[in-house]
Number of protein chains: 2
Amino acid sequence: MKINNIPRTSIWAIEAALGSVLSQDRAVGIIDQTLLPFAVEDRILRTVDDIAEAISAMRVRGAPLIGVTAAFGLAFAMRDDPSFENLTTKAALLAATRPTAVNLAWALNKVTNVLITAPANLRAELAWHTAKDVAADDVATNFAIGQHGLKIIEELHHKLQRPVNILTHCNAGWVATVDWGTALSPIYQAHDAGIPVHVWVEETRPRNQGLLTAWELREHGVPHTYIVDNAGGHFMQHGKVDMVIVGADRVSGTGDVANKIGTYQKALAARDNNIPFYAALPLSTIDWTLKDALADIEIEERNAAEIRMLRGVSTKGTAENFTILDAGSPVANPGFDVTPARLITGIITERGITGVAELHQWQN
Amino acid sequence: MKINNIPRTSIWAIEAALGSVLSQDRAVGIIDQTLLPFAVEDRILRTVDDIAEAISAMRVRGAPLIGVTAAFGLAFAMRDDPSFENLTTKAALLAATRPTAVNLAWALNKVTNVLITAPANLRAELAWHTAKDVAADDVATNFAIGQHGLKIIEELHHKLQRPVNILTHCNAGWVATVDWGTALSPIYQAHDAGIPVHVWVEETRPRNQGLLTAWELREHGVPHTYIVDNAGGHFMQHGKVDMVIVGADRVSGTGDVANKIGTYQKALAARDNNIPFYAALPLSTIDWTLKDALADIEIEERNAAEIRMLRGVSTKGTAENFTILDAGSPVANPGFDVTPARLITGIITERGITGVAELHQWQN
């Protein structure tokens with residue numbers, strides 16, 4: 001997608017400085033997401049330690065993007081020491097950077113499985129190309145999600161004959177992936193196809209990922225309005241929302257959707273106002289072993305500092321972290337919630353769109 | 001209620017400095033709420049202009065408290081010039097300080113009606129005592145609300161045999177009134193009666209009045225946990241909320257409750273989890289002429305700065321306003337929403353507790 005009218009991806013391979021094809025010159029570029037949306041700064045990562053630091057410090061975030069970044073980490077590790085021992089050590093190091101991210105383990109396994117049977121002298125080259133494949137697959141998957149989801153928006157526009165109002169929660173946009181995003185991919189593709197859309201962007205306390213969504217949409221020229229999480233239901237009551245689309249952290253085989261805290265409340269409001277509610281995600285997000293997400297998923301309790309502190313720009317114009325709640329009151333900070341399948345209109349993946357009752361058709 | 005273990009009210013009459021009974025020495029004290037909860041600073045108001053400034057600058061806030069404060073404003077006006085002309089001019093001046101506050105007009109009318117037929121030379125004295133009556137009535141009303149609401153908490157405790165978990169949204173606490181608050185009055189009285197309670201305090205973006213609620217509860221020693229607005233539904237799903245109690249800005253004769261933005265979403269989550277949902281309010285909040293609040297109440301669109309800016313403490317330790325969303329993305333900021341009567345378990349007023357279907361019994 002675009003920043004300042006220039007097409008960008010959230011991570012990119014730097015192949016050959018000065019025309020060289022030597023693997024020593026290989027690197028990856030990322031946009032440092034800890035500074036977004038207050039500043040857009042690229043950062044070049046050249047070693048497995050750079051990669052590990054970028055993931056733990058959340059310079060890259062979003063389940064799909066973390067997986068891709070970690071894959072490049074293994075490639076750097078293999079360039080420096082292609083031994084089996086180094087492969088397992090560095091895979092473990094990378095896996096520990098964000099222990100709860102399912103896609104991180106998935107991507108590391110994918111690269112490791114390719115390398116494990118290969119001779120050591122080929123591992124550097126194989127790892128690099130596999131990492132690039134993981135990145136390219138992510139783009140293709142998200143593009144396909146967008147192509148399928150686009151049809152829903154197109155039909156709504158055809159029916160309503162006015163801009164389609166879409167509400168989203170959190171950031172499931174292109175910066176959470178390599179490109180396109182999951183929930184935002186259909187929106188970008190509708191916009192690019194000339195279908196008029198307007199997005200209600202929810203702030204998404206405590207981490208305010210709505211800032212990223214608003215910034216993405218603004219840079220790509222998609223009309224949108226930023227609202228607090230409390231306001232979504234109100235706009236639904238007043239006919240200002242035609243559909244809701246969110247991403248997902250984990251989906252049960254029965255269609256329960258674990259996603260950013262607050263998603264459940266939004267699904268309730270959508271149901272109360274007969275508004276279709278979709279989750280958009282790669283098939284790899286579905287955990288087929290999971291039958292009852294509400295009972296079986298342990299909800300991650302995150303750091304209280306996420307609630308007590310917030311990043312903002314002071315009157316002096318500098319971005320810094322402010323304390324908005326002091327230590328005197330205890331805080332609870334569940335990172336996500338579970339929306340029961342009964343509240344989900346449909347699941348959008350790279351394979352198509354399905355109701356939750358038919359989700360099992362994709363289990364193979 | 002208590003601050004630093006000392007019983008306080010949010011406004012108080014200062015009758016007689018140095019033992020004097022001269023009306024010139026009269027003043028009122030307030031807690032400057034623009035500085036809460038980062039600092040507790042009293043402020044003495046001595047003139048009608050002081051009062052007008054305190055209301056417009058939101059040094060006092062909360063519908064009941066604004067009304068009481070304005071009543072004292074008229075008393076100062078009458079002390080300085082008891083003419084009929086000054087009465088109407090200053091009543092209009094005070095009414096304009098917060099044009100949407102229903103209780104402000106109600107309190108000004110109450111005082112004006114007492115003064116209008118009185119001889120000019122008695123107006124200063126009458127106005128002062130009427131203002132004190134309005135303040136005392138507010139305390140008595142809120143105390144009665146608490147006595148009735150306390151019974152619900154008592155019954156829940158009896159049934160559950162453990163601390164009762166109560167969720168509240170926004171601040172309907174003692175600082176929004178003269179004392180006790182509306183939604184928090186039953187909680188204070190339960191706590192004071194030795195019934196164990198724990199309060200889930202929702203942050204209440206955009207103005208984060210949850211900070212006031214958390215501060216109030218902390219100062220009074222009531223166990224509580226601060227959460228973001230997105231998390232309320234999650235805790236309800238997991239059996240961590242036994243009842244919800246909120247205040248109200250305006251209630252229709254049919255039981256629809258207009259309250260702080262986000263209340264509707266909370267009522268939906270309560271209903272989805274069979275959790276009782278109560279609104280606590282003085283009878284004067286009920287607008288008997290209103291039949292369908294969702295259709296008939298025009299929702300106040302508030303300043304975008306409430307979303308873009310937030311007060312916090314910088315790394316240097318100073319409290320200041322900082323920007324969390326720049327001007328690049330448009331913002332919508334509805335101040336309140338309407339919870340339909342069908343989602344309300346009961347209404348608590350100074351007269352008792354009733355289901356919405358029986359609300360009309362109090363219309364006289």
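Colleague: Which residue in β12(A) is the bridge partner of A:Val244?
Modeller: A:Phe277 is the partner of A:Val244 there. Keep in mind that this is a predicted model: local features need pLDDT of at least 70, side-chain atom pairs count only at pLDDT 80 or more, and totals for chains, interfaces and linings use all residues. Residues count from 1 along each chain as its sequence is written, chains are lettered from A and ligands numbered from 1 in written order, and side-chain values use heavy atoms, without hydrogens or water.

Colleague: How many bridges join β9(A) to β12(A)?
Modeller: 3, and the two strands run parallel. Pairing takes at least two DSSP bridges. Strand β12 of chain A spans residues 277–280, and β9 of chain A covers 243–246. Strands here are DSSP E runs of at least two residues; helices are H or I runs of at least four.

Colleague: What about β6 and β9 in chain A, parallel or antiparallel?
Modeller: Parallel, with 2 bridges between them. Strand β6(A) is residues 164–168. A:Ile166 has A:Met243 of β9(A) as its bridge partner.

Colleague: Are the two faces of β9(A) covered or open?
Modeller: Covered, both of them.

Colleague: New topic. What order do the strands have in the open sheet of chain A?
Modeller: The order is β13-β10-β11-β16, 4 strands with mixed pairing.

Colleague: Which strands stand at the edges?
Modeller: β13 (286–287) and β16 (336–339) of chain A. Each has a single partner strand, so one side of each lacks a neighbour in the sheet.

Colleague: How many bridges pair β10(A) with β13(A)?
Modeller: 2, in the parallel sense. Strand β10 of chain A runs over residues 250–252. A:Val251 stands opposite A:Ile286 of β13(A).

Colleague: Over to chain B. How many residues of α9(B) are buried?
Modeller: 8 of 10, which leaves the helix mostly covered. Helix α9 of chain B is residues 263–272.

Colleague: Which ones are buried?
Modeller: B:Thr263, B:Tyr264, B:Gln265 and B:Lys266 are among them. B:Ala267, B:Leu268, B:Ala269 and B:Ala270 complete the buried set of α9(B).

Colleague: And B:Asn274 after that helix, is its phi positive or negative?
Modeller: Positive, near 55 degrees. B:Asn274 follows α9(B).

Technical notes: Buried means under 20% relative accessible area, exposed over 50%, partly exposed in between (1.4 Å probe, protein chains only).
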